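Dear colleague,

I am passing on the structure below, and my notes on what was found in it follow directly after. Please read them with the model open beside you.

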Amino acid sequence: REIEKAGITIVQMANLVPVAITVGSNRIVPTISIPYPLGDPSTSKETQYKLRYHRVGVALDALTTDIKEQTVFKVKI
């Protein structure tokens, strides 16, 4: 919140969404897991790339979205 008060828009990518909500993050993008937030090493490199590309794309869209309250952005599973 403090960074946004200074005029810098941020997005928190978090696997523990309830914690991000509790601490007051305004824009939240769910991630996959704690050790691998943007990937899954048990999948192919192509699948990992698609997961990362999608989630980073959602985060970039979240940066440009005008919001009035805390928002958790939807991602494909």
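The protein chain exposes about 5,600 Å², of which carbon and sulfur atoms supply 59%; accessible areas here come from the Shrake-Rupley method with a 1.4 Å probe, and for residues only the protein chains shown count as cover. This is a predicted model, in which local features need pLDDT of at least 70 and side-chain atom pairs count only at pLDDT 80 or more, while totals for chains, interfaces and linings use all residues. Residues are numbered from 1 along each chain as its sequence is written, and side-chain values use heavy atoms, with hydrogens and water left out.

Three helices and three strands make up the protein chain, and along the sequence they follow the pattern α-β-α-β-α-β (helices are DSSP runs of H or I with at least four residues, strands are runs of E with at least two, and both are numbered from the N terminus).

The three strands form an open sheet in the order S1-S2-S3, with parallel pairing (two strands pair if DSSP finds at least two bridges between them). Strand S1 (12-14) and strand S3 (71-72) stand at the edges with a single partner strand each, so one side of each is left without a neighbour in the sheet. S1 is joined by three bridges to strand S2 (residues 27-30), the two running parallel, and Gln 12 stands opposite Ile 28 in S2.

Of the 77 residues of the protein chain, 25% count as buried, that is, under 20% relative accessible area with a 1.4 Å probe, protein chains only.

Definitions and conventions
Buried < 20%, exposed > 50% of the residue type's maximum accessible area, 1.4 Å probe, protein only.
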